[in-house]
Amino acid sequence: MAQEFEKIGAVGAAVAAFDGWNEGDDPYGEHDFGKLDVNGEAVIWKIDYYSLDEMHGSDHPEDPAVTVRILTLMFAEDY
């Protein structure tokens with residue numbers, strides 16, 4: 001179990017430090033998607049912007065008063 005927590009921590013730290021933006025992955029400059037390698041495993045992450053009820057996309061994703069941001073992390077092999 002400790003290894004799993006270490007793995008989760010390593011993925012979280014890598015995503016938090018990510019700055020490898022390129023036009024192919026970030027054509028609109030939103031910085032809401034990334035791919036990276038963590039200890040030899042490919043990781044994909046995505047941020048989605050929902051309305052406060054989390055049922056629909058937010059009409060104003062730039063406004064935190066009406067938007068909930070959801071971060072999804074996954075190993076590429078699970079996609």
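**Figure 1. F18, W21 and W45 come together as one aromatic cluster.** This view, like those that follow, shows a predicted model. Start with F18 and W21: their ring centres are 4.9 Å apart and the planes meet at 90°, so this pair is edge-to-face. Now turn to F18 and W45, an aromatic pair that is also edge-to-face, with 5.7 Å from centre to centre and 80° between the planes. F18 belongs to the loop between helix 1 and strand 1, while W45 belongs to strand 2, so their pairing ties together parts that are 27 residues apart in sequence. How many aromatic pairs does the count come to? The count comes to 3.

**Figure 2. Buried or partly exposed: where do F18 and W21 fall?** F18 has a relative accessibility of 16% and therefore counts as buried, the limit being under 20%. W21, at 28%, counts as partly exposed. W45 is buried, as is F18.

**Figure 3. The largest nonpolar core has 9 residues in all.** In soluble globular proteins, nonpolar side chains tend to be buried together.

**Figure 4. An open sheet is formed by 3 strands in the order 1-2-3.** The pairing is antiparallel. Strand 1 and strand 3 (68-75) stand at the edges with a single partner strand each, so one side of each has no neighbour in the sheet. On average, neighbouring strands of this sheet are turned by 20° against each other, direction ignored. Strands of a sheet pair through backbone hydrogen bonds, either parallel or antiparallel.

**Figure 5. Strand 2 meets strand 3 over 8 bridges.** These two strands pair in the antiparallel sense. Which residue of strand 3 is the bridge partner of D48? Look for I70, which takes that place.

**Figure 6. Helix 1 lies across strand 1, strand 2 and strand 3.** Helix 1 runs at about 130° to strand 1.

**Figure 7. The charged end of K7 sits over the ring of F75.** What is the distance from the charged end of K7 to the centre of the F75 ring? That distance is 4.7 Å.

Definitions and conventions
Residues are numbered from 1 along each chain as its sequence is written. This is a predicted model: local features need pLDDT of at least 70, side-chain atom pairs count only at pLDDT 80 or more; totals for chains, interfaces and linings use all residues. Side-chain values use heavy atoms; hydrogens and water are left out. A nonpolar core is a set of buried Ala, Val, Leu, Ile, Met, Phe, Trp, Tyr and Cys residues joined through side-chain atoms within 4.5 Å. Buried means under 20% relative accessible area, exposed over 50%, partly exposed in between (1.4 Å probe, protein chains only). Rings of Phe, Tyr and Trp (its six-membered ring) pair if their centres lie within 6.5 Å; planes under 30 degrees apart count as stacked, over 60 as edge-to-face and the rest as tilted. Helices (H or I, at least four residues) and strands (E, at least two) are DSSP runs, numbered from the N terminus. A charge sits over a ring if NZ of Lys or CZ of Arg is within 6 Å of the ring centre and within 35 degrees of the ring normal. Two strands pair if DSSP finds at least two bridges between them. Axes are lines fitted to C-alpha atoms, for helices over the stretch in contact, and angles run from 0 to 180 degrees between N-to-C directions. Contact means heavy atoms within 4.5 Å.
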